[in-house]
Amino acid sequence: MRNDEFYIGWMQGAPATFIQFVRKYLLLIFFLAAVVGVLLATSQKKFSTATFEYGKTTTIKGVYAPSPVPHLSVKNNNEIVFIPLVGYGKQGAEGIIQELEKERGISLANKEVTFNGTLLYGDGKVLLQIDKNEAPLKQLSNAEASLPSATKALGPASLKGEVIDPKCYFGVMKPGEGKVHKDCAIRCIAGGIPPVLAITNEKGEKNYVLLVGANGEKLNDKVKDFVAVPSTITGELMQVDNWLVMQVKEMKNDMATFSSDASSQIASACEASCCKKRMQQ
Amino acid sequence: MIKPLRKKHLQIWSLWALILPLGMIAALIARKPVVNDAFGQVQNGKALPVVIAEKRLGQNLLQLRGTGPGAVQQLLWINREPLNVASATIYLSGLPLTPSKGGGTASVRGQLQQEANKNSGSQQNEDKGIYIGRIEIRGNYVFGLPPQKEYHFLVYDFIHQQIISRISFSEHDVAGRKETSQSSPTPNTKL
Amino acid sequence: MSVSYQAVGWNRQKKIYDWLIAGFCVFYISVFVGLTLVFNPEATFETLLIRTTSTLALLLLHVILSIGPLTRLNKRFLPLLYNRRHLGVTMFCMAAVHGGFSIFQFHSLGNVNPFASLFISNTHFTSIADFPFQALGFFALLIFLLLAATSHDFWLRNLTPKVWKTLHMFVYVAYLLIVLHVMVGVIQYETNPVFILLLAAGSATLITLHLLAGRKEVQKDNQNYQLQMDGFYEVCRVDDILEDRAKVFCIKEERIAVFKTAGTLFAVNNVCKHQNGPIGEGKIVDGCITCPWHGYQYLPHNGCSPAPFKEKVSTYDVKIFEGKVWLNPAPYPEGTERPGAVIELEPVIIKPVTPQNI
């Protein structure tokens with residue numbers, strides 16, 4: 001007698017051979033889900049141990065300065081700790097600082113302030129997010145203050161690494177680096193968060209360099225092509241308290257080149273024939 | 001399924017049989033390798049040759065170093081794990097402290113969390129002792145030390161005003177090892 | 001087979017299917033999230049959400065895309081095909097959570113609109129390694145949205161099966177976009193070979209299944225029927241067709257199913273009016289040809305669905321000559337009654353019972 005079982009979905013039940021077959025298939029599929037889940041979960045790169053103290057604010061007293069990047073200089077024993085400031089979301093701190101200055105009718109530059117904000121830190125670096133919704137300015141001294149900031153010129157240097165945004169990298173996002181995070185890093189830097197070059201040595205140990213323009217100006221709108229891509233950054237290196245800062249002269253990778261040298265900029269812009277004619281006149 | 005659709009299916013999957021492997025291979029070949037730069041190494045002084053005593057704090061190594069046995073002059077902190085605290089300042093306390101729970105191989109994270117929770121807010125006024133220095137990114141940190149029979153270090157987060165950890169080297173530890181360490185880190189490229 | 005609009009025509013089989021889908025999703029999420037937290041205790045909720053939903057959606061997509069060719073290769077996979085669209089909608093939901101949350105996570109709270117940011121942040125369209133992978137995922141998600149939104153039979157009827165099916169073929173374009181999204185996205189960051197190996201295994205499986213099924217179908221379509229007489233083609237012997245079942249023949253334009261029931265052969269167009277399923281691989285149940293995909297039914301003598309349903313298929317002339325079946329591939333208008341071909345029984349010779357032949 002031939003097996004003429006036939007499956008109809010709207011019937012109450014399925015024929016026995018179909019049920020047995022589908023059960024075997026389901027066992028296989030669930031097993032596959034387990035294998036895929038185990039393999040993927042255990043193969044992911046380790047997440048960083050950086051921390052963003054979301055929901056918790058900390059008060060820090062120091063001297064505010066807008067240069068080389070908005071930061072607080074905090075005295076600790078006989079040294080100064082440089083804490084870069086960032087704004088809420090993907091914004092730099094300039095906006096909130098301007099609002100506070102307008103509110104108080106006074107410039108905050110080189111004044112002793114007490115900020116209330118959200119800390120983010122990792123791998124020895126610490127930053128402070130200040131947000132207008134968190135009553136960021138607790139105290140402001142009217143008198144100019146000065147802290148013996150240790151700035152040391154280290155000479156020209158050419159460093160290889162990855163341009164990151166320090167807010168995401170040091171706690172807000174994991175991962176805060178690499179291709180998967182690139183778009184966010186570009187958005188954060190475009191919003192004013194200072195770009196940082198993350199350098200890795202052969203042991204996997206990292207160092208970090210704040211990047212500014214050749215004359216100390218902001219570089220945010222120039223670094224887009226170099227974010228999350230191995231790049232070589234050349235310029236004048238400085239040690240500003242506990243942070244390295246580079247005044248960038250050139251950025252280079254296999255897709256783009258940026259040079260702060262004015263004539264180089266004109267030359268590269270003049271590839272268009274109309275500009276070439278103008279140069280010849 | 002109708003005949004034209006069957007044909008379309010076969011055409012599409014024949015094309016995908018070419019494009020998918022090619023796409024995967026192209027993306028793999030194009031993958032950019034991590035670029036290293038030796039500049040990353042932290043080095044803030046030359047470590048003396050003799051390791052007098054050594055202790056671990058998670059993955060990190062603390063060595064008392066000098067020019068000869070028992071003559072401690074330096075603390076070498078070999079920072080191998082990324083810090084997960086806001087700041088890590090080191091004090092040399094004049095008083096013996098409760099030995100750190102994390103003096104063994106407990107992870108830095110767990111230990112720091114435990115100590116921070118335990119000491120939250122309660123150590124702000126404690127006389128922490130002599131300020132030795134601060135740890136930041138990974139690398140080797142050399143700090144000068146006064147000669148003492150024993151050393152009790154405090155790791156303190158000055159931002160949260162919390163004691164993170166305590167590490168003690170007893171008189172016995174300090175009097176102990178005489179040999180030169182084989183694994184002493186060599187001074188690296190200058191900043 | 002509903003006459004009026006119903007969001008979902010629930011029945012026991014669909015309910016079991018849907019519970020299994022839910023169980024599968026919960027199972028995978030538990031494994032992935034649980035193990036990630038064990039091996040990566042620093043994992044954040046946001047990253048876990050993005051990765052769990054993306055990997056689950058991709059796993060579901062591979063299961064969904066394998067059902068079609070598996071069913072062509074072995075009919076016992078048919079129960080998987082019955083409610084496949086629910087699987088598709090589930091996959092879309094996971095993909096939507098992944099895509100939507102990723103757009104929020106990576107593009108919002110910035111200085112431009114998040115959707116603008118998606119396309120203007122990374123503009124390295126000429127680089128492979130640095131290609132804006134999120135844009136690929138975005139377009140794939142749009143396709144999945146279109147497919148999920150039109151997955152109901154309401155759209156099948158209003159768009160017509162041909163247009164609807166053409167639209168749903170875009171799932172293959174979406175699959176290609178997703179593979180490239182992973183290759184120029186995650187694979188550029190995660191260096192463990194497991195990721196590329198799993199993706200390659202999944203793609204290789206789908207390619208193999210589709211090519212095997214495709215080759216089998218094309219062979220059937222290309223079979224030649226040379227012998228003809230007055231427009232009829234000799235296709236098979238009467239005994240080749242099982243009772244209440246059919247054999248399918250592709251002559252000229254489309255496949256034709258010849259059914260045998262109650263001593264008569266009837267020929268109808270092989271393509272079901274619902275979702276173009278192969279009627280000829282169905283069975284006659286309660287006097288009706290029943291499509292193996294979703295159980296749509298047609299009367300064999302005129303190709304009409306039994307009342308109150310309104311679907312109709314074309315009918316054809318079939319005759320029997322010397323034990324062979326002859327089929328005329330010229331179709332009659334849908335719903336035309338045809339007499340079919342009566343199978344004449346061979347006379348039975350009754351032998352007297354004798355001691356020698358007991």
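**Around A:K111, and out to chains B and C**

Let me start with one residue: apart from its neighbours within four places in sequence, A:K111 is in contact (C-beta atoms, placed from the backbone, within 7 Å) with A:V63, A:Y64, A:L140, A:S141, A:E144 and A:A145. Please keep in mind that this is a predicted model, in which local features need pLDDT of at least 70 and side-chain atom pairs count only at pLDDT 80 or more, while totals for chains, interfaces and linings use all residues. Residues are numbered from 1 along each chain as its sequence is written, and chains are lettered from A and ligands numbered from 1 in the order in which they are written.

A:K111 sits in strand β5 of chain A, residues 111-122, where strands (E, at least two residues) and helices (H or I, at least four) are DSSP runs numbered from the N terminus.

Turning to chain B, we find three helices and eight strands, which run α-β-β-β-β-α-β-β-β-β-α from the N terminus, and 37% of its 191 residues count as buried.

Chain C, finally, has ten helices and eleven strands, and 41% of its 358 residues count as buried. Its C-alpha atoms fill a box of roughly 95 × 50 × 40 Å along the principal axes.

Key
A residue is buried if 20 or more other C-beta atoms lie within 10 Å of its own, exposed if 12 or fewer, and partly exposed in between; C-beta atoms are placed from the backbone. Two residues are in contact if their C-beta atoms, placed from the backbone, lie within 7 Å.
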